[in-house]
Amino acid sequence: MKESNVGTIGVLTSGGDAPGMNAAIRAVTRAGIYHGLMVYGIHKGYDGLLNGNMKEMTLRSVGDIIQRGGTVLQTARSAEFATEEGVNRGISMAGVFGIDALVVIGGDGSFRGARDLARQGMKVVCIPGTIDNDIACTDYTIGYDTAMNTVLDAIDKIRDTAYSHERCSVMEVMGRNAGWIAVNCGIAGGAEAVIIPEHEFDIDKDIILPIIEGRNRGKKNYLVIVAEGIGRVEEIARYIEDKTDIITRETILGHIQRGGSPTMTDRVMASRMGVYAVELLKNGKYNRVVASRGGKITDYDIDEALNMKKTIDEELINIGKILAL
Ligand code: F6P
């Protein structure tokens, strides 16, 4: 193992918040201190790095946060950091605080920021934290399980009212350009149709037909899940109503999906990834992205990770279709 010359690290959360980010901050801080490192908590993502908005963390500063949603360090999408000048300011400010390495918790936009820092000589380790599960090198991203359970809770409630009125419900779920939340919640919530950006769709064949066939078999309510990347839920709902005569209501779940207390899966995953990130730095390994593959925590070179592509699991899509009968 290479000798580490890292003595002080900074940890930040960037991009959209995700439940479990606090568990990751806690893990990085406690593992860092356990391994004899000084740990700075950087506030408001890369903006905080540029402005020196950071404080030394102690074992106690991360007490009582594992169960909380959001991020105690807060987060931002920094426009300035996207410029070369911004990156250089970040490096220079890290120098002022004696920070040798950064742990970045966020999505792929945040990882691109980390890669830019790495190109200017900063040591970085990234931890995947986004509800979207759209980071290619990892099977899992922190926040995904909690968000799906939030969606599922909403689906169950909407089904109660949809059944009572014999209606159709069209629900838009988050995931930016990825259909992961939509597909899994479609299976778990028993959706008649799931429309995702990764697949072309034909509204008559993929939505209207399963609804009408379902009605002919005696179904009393109908659920269509539309991933955010498709949008147009209102238009889809009106089309369904016009074509089927079934009263149809649309719901955009929105940011409720990003909040709430993290599930056990998210807390444990965040804890494992946070400890692993610190161990990488301790062992002189940096410019890596922490990942979960086949249940094991591993890591990838940051450039390699950013060049990887993730495709939606076709088996899951088929399961959803079979069970919607
Ligand atoms: O990346 C997480 C996410 O919640 C996406 O699903 C969504 O497209 C986006 O963030 C929303 O971003 P904002 O909170 O900036 O509106």
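A salt bridge, as counted here, is a side-chain nitrogen of Lys or Arg within 4 Å of a carboxyl oxygen of Asp or Glu. With that cut-off, a search of the whole structure, which is a predicted model, turns up 16 salt bridges. One of them pairs Asp303 with Arg119, with 3.3 Å between the closest N and O atoms. This pair ties together distant parts of the chain: Asp303 sits in helix α10 (residues 302-307) and Arg119 in helix α4 (residues 108-119), 184 residues apart.

On to the overall fold. The protein chain holds 11 helices and 11 strands. Its radius of gyration comes out at 22 Å, close to the 20 Å that the globule rule gives for 325 residues, so the chain is as compact as a globular protein of that length. Laid along its principal axes, the C-alpha trace spans about 70 × 35 × 35 Å.

Where the two touch, domain 1 puts in 11 residues and domain 2 puts in 10.

How much area do domain 1 and domain 2 bury between them? The figure is about 900 Å², with 48% of it on carbon and sulfur atoms. As for charge pairing, the count between domain 1 and domain 2 is 2 salt bridges. Elsewhere in the list of pairs, the side chains of Asp17 and Arg258 meet in a salt bridge, at 2.6 Å from N to O. Polar contacts across the interface of domain 1 and domain 2 come to 2 residue pairs, both at pLDDT 80 or more. Sorted by class, the side of domain 1 that touches domain 2 has 3 nonpolar, 4 polar and 4 charged residues.

Note on methods
Residues numbered from 1 in each chain as written. Heavy atoms only, no water. Contact = heavy atoms within 4.5 Å. Buried area = accessible area lost by both parts, 1.4 Å probe. Polar contact = N/O pair within 3.5 Å; in protein donor to acceptor, adjacent residues only side chain to side chain. Nonpolar A, V, L, I, M, F, W, Y, C, P; charged D, E, K, R; others polar. Helix = DSSP H or I, 4+ residues; strand = E, 2+ residues; numbered from the N terminus. Rg over C-alpha atoms; globule rule 2.2 N^0.38 Å.
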